[in-house]
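The following exercises concern the structure shown below. Each task is followed by a solution in steps.

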Amino acid sequence: MGLFKNNEPVMGFDLSDVSIKIMHFGNNGNNYDVLGFTDHTLPKGIMVNDIIKEDALLQKHIAALMKKPDYGKINASQIVASIPESKAFVRVIQIPKMSEDQAKLAVPSEAEQYIPVPLDQTYLDWQIIGGSDDKMDVLVTASPRTYVDNFLSILKSTGLRPVAFEVESAAVLRAISTPKNRAEDFVILDMNTYRTSIIIASNGNLQFTSSVPIAGDAFTQSIARALGVSEEEAEKIKRESGLSDSSESNQVKAALVPVMDNLISEIRNTIRFHEGHSSEKISEIILVGGTAKLKNIVDYLKEQFAADRPEMEIGLGNPWVNVFQPEKTPSILDSLSYTTAIGLALRAAGAGV
Ligand SMILES: Nc1ncnc2c1ncn2[C@@H]1O[C@H](COP(=O)(O)OP(=O)(O)O)[C@@H](O)[C@H]1O
Ligand SMILES: [Mg+2]
């Protein structure tokens, strides 16, 4: 038995408003082999606010990127595709201790009280993750049927074989999960283009996720406004200077800091909420996603948490930590935007499902 369910190549497929990211793994006997990957930019309008608006155009882009990936080859294969965090519902609920069979009936009716959309409009997924003598903790994930059904038919029409859909936060957690962080309560910041997901994990399980509209685009817009430059120019400046301290970049840093501080206040709220309900303290913040490449972001966060949380570990995630194939892959920094795609591919390969 290798790592793969049926020894077939697998693919993680991560769709956002601005890109399709694919990670394609093969099996070289006893390990993963990176067969191909790509980060394909989508023109504006195909996906808007995490809703697929142009089915036919999306199909065309998928077909095109399969022919010409950034690296290696991408073949039709079993895929696991992402569900946007902003469209999903992830919560841990408590129910009285009962058998699995009883839970099958009890969880949906219990979950219904927490989920903001009617149950018949969602796909519900759940798993028992812990509990005490008289209670069980159940991780509930709900995703919108309309989104999943439509995405499924688009993927099938391009010859791909979707075997599962998964909320981004679950994929990200799988990718960066290690024995060390599985023993802690920690925060993952998945910093994308239009939103950042603030994810809390405990004992290797998702506990809570929220999605805030403070991410790469907000940084770019703030630079464009402050410096009076175009969006394209602001994007370039953002990548060059980030939160660096040199005198030329002081103006850039000044434009980024208010956005960053808004995000930090959201992170603090989420941490406070979690710690108010749990006996464990958050010990680490791990950054992933393209915006985690912002220069000096880790040092800036460390400075901000130094006064009240000096023991907090803060650093970039390593999305390859569970793949063991570093030679052919981009550097850790370059790979941060592939974290979701890597986590999805690992699920397709049968790791930690
Ligand atoms: N070197 C960099 N420094 C700062 N921001 C970056 C850098 N590289 C990419 N980004 C930002 O990362 C964001 C894209 O992140 P990504 O995880 O690919 O997003 P999405 O999931 O939305 O497709 C963009 O806002 C982009 O400007
Ligand atoms: Mg992303």
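**Exercise 1. Determine how many residues the largest nonpolar core has, and which residues have the most contacts inside it.**

Solution. Step 1: apply the criterion for a nonpolar core, a set of buried Ala, Val, Leu, Ile, Met, Phe, Trp, Tyr and Cys residues joined through C-beta atoms within 7 Å. A residue is buried if 20 or more other C-beta atoms lie within 10 Å of its own, exposed if 12 or fewer, and partly exposed in between, with C-beta atoms placed from the backbone.

Step 1: the largest such core has 82 residues, and those with the most contacts inside it are Met23, Ala81, Val187, Ile188, Ile199 and Ala345. Helix H8 (residues 250–277) supplies the largest share of this core, 7 residues. Helices (H or I, at least four residues) and strands (E, at least two) are DSSP runs, numbered from the N terminus.

Step 2: bear in mind that this is a predicted model, in which local features need pLDDT of at least 70 and side-chain atom pairs count only at pLDDT 80 or more, while totals for chains, interfaces and linings use all residues. Residues are numbered from 1 along each chain as its sequence is written, and chains are lettered from A and ligands numbered from 1 in the order in which they are written.

**Exercise 2. State the strand order of the open sheet of 6 strands, and explain why E6 and E11 stand at its edges.**

Solution. Step 1: strands pair if DSSP finds at least two bridges between them. The order is E6-E3-E2-E1-E7-E11, with mixed pairing.

Step 1: strand E6 (71–72) and strand E11 (161–167) each have a single partner strand, so one side of each lacks a neighbour in the sheet.

Step 2: E6 is joined to strand E3 (residues 32–41) by 2 bridges, and the two run antiparallel. Here phenylalanine 37 stands opposite tyrosine 71 in E6.

**Exercise 3. Identify the strands that pair with strand E10 (residues 135–144) in the antiparallel sense.**

Solution. Step 1: strand E8 (residues 89–96) pairs with E10 over 8 bridges, and glutamine 94 stands opposite aspartate 137 in E10.

Step 1: strand E9 (residues 122–131) pairs with E10 over 9 bridges. E9 and E10 form a hairpin with 3 residues between them, and glycine 131 stands opposite methionine 136 in E10.

**Exercise 4. Which residues of helix H9 (residues 297–306) are buried, and which are exposed?**

Solution. Step 1: Ile297, Tyr300 and Leu301 are buried in H9. They cover an arc of only 95° around the axis (taken from the directions from the helix axis to the C-beta atoms), which puts them on the same side of H9.

Step 1: Glu303 and Ala306, on the other side of H9, are exposed.

Step 2: the buried residues of H9 pack against H8, strand E15 (282–288) and strand E16 (313–316).

Note on methods
Contact = placed C-beta atoms within 7 Å.
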